[in-house]
Amino acid sequence: MKTVVLLNHSLTEEQKSDLGGTIFELPPELKKVWGEIPPDVPRFDVTKHLEPILSWITEKNPDRIVCQGDYTAFTLILKRCWLTGMPLLVATSKRETAEEVAADGSVVKKAIFRHIQFREV
């Protein structure tokens with residue numbers, strides 16, 4: 001099974017194991033495109049912004065896509081998946097938080113995210 005991953009971060013080893021098969025994560029230049037979607041442009045310009053990523057997805061010819069990020073970009077990928085019948089997965093996690101009081105009296109809040117599963121949309 002071939003999986004294309006569209007995320008702003010890299011998969012953990014646990015997530016890679018959960019997915020199995022061949023995993024294609026965005027190369028650095030496309031990860032930058034995915035992570036820097038202009039907030040001040042209309043949907044059609046977001047589609048144009050994503051063209052290099054859409055071409056890359058076509059080139060990889062995946063069996064499924066894992067996607068999270070900018071909501072407009074996510075929705076465009078979701079629509080493409082629905083139109084082609086390709087499964088779209090999102091990662092689910094459990095967040096554990098802890099607060100620590102620093103020496104200066106400020107409170108530092110830490111969040112630890114633990115992978116639970118990939119869920120099909």
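Glu59 is exposed, at 60% relative accessible area, where exposed means over 50%, buried under 20% and partly exposed in between (1.4 Å probe, protein chains only). Glu59 pairs with Lys60 in a salt bridge whose closest N and O atoms are 3.8 Å apart. The term stands for a side-chain nitrogen of Lys or Arg within 4 Å of a carboxyl oxygen of Asp or Glu.

A word on the model before going further. This is a predicted model, in which local features need pLDDT of at least 70 and side-chain atom pairs count only at pLDDT 80 or more, while totals for chains, interfaces and linings use all residues. Residues are numbered from 1 along each chain as its sequence is written, and side-chain values use heavy atoms, with hydrogens and water left out.

**Charged pairs**

By this rule there are four salt bridges, among them these:

| Salt bridge | Closest N and O atoms |
|---|---|
| Lys60 and Glu59 | 3.8 Å |
| Lys16 and Glu13 | 3.5 Å |
| Glu96 and Arg114 | 3.2 Å |

Helices (H or I, at least four residues) and strands (E, at least two) are DSSP runs, numbered from the N terminus. Both partners are partly exposed: Glu96 has a relative accessible area of 30%, and Arg114 comes to 43%.

How far apart in helix α1 are Lys16 and Glu13? They are three residues apart in that helix (residues 13–19), which means about one helical turn lies between them. Lys16 counts as partly exposed because its relative accessibility is 29%, whereas Glu13 is exposed at 58%.

**Aromatic rings**

Now to the rings. The structure holds one aromatic pair. Tyr71 and Phe74 form this pair, which is stacked, with 6.4 Å centre to centre and 25 degrees between the planes. For rings of Phe, Tyr and Trp (its six-membered ring), pairing requires centres within 6.5 Å; planes under 30 degrees apart count as stacked, over 60 as edge-to-face and the rest as tilted. Both residues sit in helix α5 (residues 71–84), three residues apart, about one turn of the helix.

Phe44 has a charged neighbour: Arg43 lies over the face of its ring, 4.2 Å from the ring centre. A charge sits over a ring if NZ of Lys or CZ of Arg is within 6 Å of the ring centre and within 35 degrees of the ring normal.
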